[in-house]
Each structure stands twice: as C-alpha cells, then as structure tokens.
Amino acid sequence: MPPPAPPLPAITRRHLQLELKELWQRTGKTVLFITHDIAEALLLATGIVVLSKGPGAKIIARFDRDDIPSDGPADTRYAQAFRNIELAIENQKTAESAQV
C-alpha cells in the first residue's frame, strides 16, 4: 500500500471538489467517492453510506438524496444532516466498544 498523500491546501481541495461536482453534473456518470470527511460527503453526494470499520465492513447507515441538503451549508437542513451522520458513526463506535 502506498504511503498516504499529504493533505491538500484548503483552497486546492475546495477547487477540486467543485471541479468533480461540475464534471459529474456535465457527464451524468456515476461516481463512487470515498471520504472520511462528513462535510465533503454532504457537498459532493446524492447518497451517503456509512460503513463499520475494519475488514468485513458492513453498512451501518444510509442517507438518500432526500436526506442530503442540495445547497450545502446554506440549506437549513445541513446541520441536521451533518448531525445525523455523526450520530450514526458515534452509535457504531459505542456498539463496537460494548462488544470488546
């Protein structure tokens, strides 16, 4: 496995995110984008799947198009969508801790 790439500067990262979104909108192609950043997922996604950790990961939560605010942080539903994803992750961590 190659070493992780250094993080991108915020401006470059945002530019690339917007380029990806524009490319997707223009071509209509399906894109599978994997991220650990909830805000990035909300910006780029029409659907979000949260997985458990480790080998044999399972889907622990699914958020469909209706759950994701289309205008990003300007949408009044953004904070709630962000929190719903955080809660799904926290609940999974709690469940994993209880199994140890």
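Predicted model: local features only at pLDDT ≥ 70, side-chain atom pairs only at ≥ 80, totals over all residues.

Trainee: Which residues of α3 are buried along with A88?

Mentor: Y78, A81, I85, Q92 and E96 are buried in α3, as is A88. Seen down the helix axis, the buried residues of α3 fall within an arc of 105°, so they line one face. An α-helix has 3.6 residues a turn, so residues three or four places apart point the same way.

Trainee: What lies on the other side of α3?

Mentor: A79, N91, T94, S97 and A98 are there, and they are exposed. Exposed means over 50% relative accessible area.

Trainee: Which elements do the buried residues of α3 pack against?

Mentor: They pack against α2, residues 38-44, and against the strands β1 (48-51) and β2 (59-63).

Trainee: How do you know that α3 runs at the span expected of a helix?

Mentor: Helix α3 covers residues 78-99, 22 residues in all, and reaches 32 Å from first C-alpha to last. The expected value at 1.5 Å a residue is 32 Å, and the helix is close to that. Just after α1, G28 takes a positive phi of about 70°.

Trainee: Why is E96 called buried?

Mentor: The cut-off is under 20% relative accessible area. E96 has 19% relative accessibility, so E96 counts as buried. E96 lies in helix α3 and touches S52 and K53, not counting residues up to four places away in sequence. K53 is 43 residues from E96 along the chain, yet their C-alpha atoms are separated by 9.2 Å.

Trainee: What puts A39 in its accessibility class?

Mentor: A39 has a relative accessible area of 29%, so A39 is partly exposed. A39 is in helix α2 and, leaving aside neighbours within four places in sequence, is in contact with Y78 and F82.

Trainee: What makes a set of residues a nonpolar core, and which residues make up the largest one?

Mentor: The residues must be buried, of a nonpolar kind such as Ala, Ile or Phe, and joined through side-chain atoms within 4.5 Å. The largest core has 12 residues: I38, A41, L42, I48, V50, A61, F63, I68, Y78, A81, I85 and A88. At least two residues of this core come from each of α2, β1, β2 and α3. Helix α3 gives the most, with four.

Trainee: How much space lies in the largest pocket, and what lines it?

Mentor: The space comes to about 1,100 Å³. Of the 31 lining residues, F33, I34, T35, I48 and V49 are the closest to the centre. Helices α1 (10-27), α2 and α3 and strand β1 each supply at least two lining residues. The largest share, five residues, comes from α3.

Trainee: What does the whole chain look like in these terms?

Mentor: The secondary structure comes to three helices and two strands, in the order α-α-β-β-α from the N terminus. The C-alpha atoms fill a box of roughly 45 × 40 × 25 Å along the principal axes. Of the 100 residues, 22% count as buried.

Trainee: What share of the contacts joins residues 24 or more positions apart?

Mentor: They account for 36% of the contacts with a separation of 6 or more. The contact of E96 with K53 joins residues 43 apart along the chain.

Note on methods
Residues numbered from 1 in each chain as written. Heavy atoms only, no water. Expected span 1.5 Å × (residues − 1). Buried < 20%, exposed > 50% of the residue type's maximum accessible area, 1.4 Å probe, protein only. Arc of directions from axis to C-beta. Contact = heavy atoms within 4.5 Å. 1 Å grid on protein atoms, 1.4 Å probe; cavity = no way out; pocket = protein on both sides within 12 Å on 5 of 7 lines; lining within 4 Å. Points joined across faces, edges and corners; volume = space filled by probe spheres on them.
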